[in-house]
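I opened this entry to look up strands, core and aromatic pairs. The notes follow in the order of the look-ups.

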Amino acid sequence: KELNEVSGGYGPWQQYAKGSYVNYGQYIVYTVVGTDSLKGIAARFGVSDQDILHWNNVRDRNMLYANQRLVIYPTVLR
């Protein structure tokens, strides 16, 4: 159970984003993996890709990289 809470667990949302996250209550910190896309990460957490860019002061949507940490304020945790 603890591993699932820290790693994000397993489920159908894995098709959207395969990185892990840590839940801090009001927000999560998501660690990007090389195959992630901004749209996929947004779909996983029920937010818009524009929100993710704004929350993390990322200006170029193509500038995601492996092991990058993103702060996300999800509407739903999957």
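For the accessibility calls I use these cut-offs: buried means under 20% relative accessible area, exposed means over 50%, and partly exposed is in between. The model is predicted.

**Entry 1, Y73.** I looked up Y73 and found it in the segment after strand 3 (69-72). Its relative accessible area is 39%, so I log Y73 as partly exposed. Y73 also belongs to a nonpolar surface patch with V22, Y24 and Y27. Together the four have about 360 Å² of accessible area.

How many aromatic pairs does a search of the whole structure find? It finds 3. For Y27 and Y73 the ring centres are 5.9 Å apart and the planes stand at 50°, so I class the pair as tilted. Y27 sits in the loop between strand 1 and strand 2, and Y73 in the segment after strand 3, so this pair ties together parts that are 46 residues apart in sequence. Y27 has 30% relative accessibility and therefore counts as partly exposed. I then looked at Y30 and F45, an edge-to-face pair with 5.7 Å centre to centre and 75° between the planes. This pair also links distant parts of the chain, with Y30 in strand 2 and F45 in helix 2, 15 residues apart. Are these two buried or exposed? Y30 is buried at 0% relative accessibility, and F45 is buried with a relative accessible area of 0%. I also noted one aromatic cluster, formed by Y27, W55 and Y73.

Strand 1 (residues 20-23) pairs with strand 2 in the antiparallel sense over 4 bridges. Here Y21 has Y30 in strand 2 as its bridge partner. The hairpin of strand 1 and strand 2 has 4 residues between the strands, and G25 takes a positive phi near 95° there. Strand 2 and strand 3 are likewise antiparallel, over 4 bridges, and V29 stands opposite V71 in strand 3.

The largest nonpolar core has 14 residues. The members that touch the most others are I28, Y30, I41, F45, I52, L70 and I72. Strand 2 (28-31), helix 2 (38-45), helix 3 (49-55) and strand 3 each supply at least two residues of this core. Helix 2 gives the largest share, 4 residues.

Notes:
Residues are numbered from 1 along each chain as its sequence is written. This is a predicted model: local features need pLDDT of at least 70, side-chain atom pairs count only at pLDDT 80 or more; totals for chains, interfaces and linings use all residues. Side-chain values use heavy atoms; hydrogens and water are left out. Patches are made of residues with over 30% relative accessible area and no salt bridge: like charges are joined within 9 Å, nonpolar side chains (Val, Leu, Ile, Met, Phe, Trp, Tyr) within 5 Å. Accessible areas come from the Shrake-Rupley method with a 1.4 Å probe; for residues, only the protein chains shown count as cover. A salt bridge is a side-chain nitrogen of Lys or Arg within 4 Å of a carboxyl oxygen of Asp or Glu. A nonpolar core is a set of buried Ala, Val, Leu, Ile, Met, Phe, Trp, Tyr and Cys residues joined through side-chain atoms within 4.5 Å. Buried means under 20% relative accessible area, exposed over 50%, partly exposed in between (1.4 Å probe, protein chains only). Two strands pair if DSSP finds at least two bridges between them. Rings of Phe, Tyr and Trp (its six-membered ring) pair if their centres lie within 6.5 Å; planes under 30 degrees apart count as stacked, over 60 as edge-to-face and the rest as tilted.
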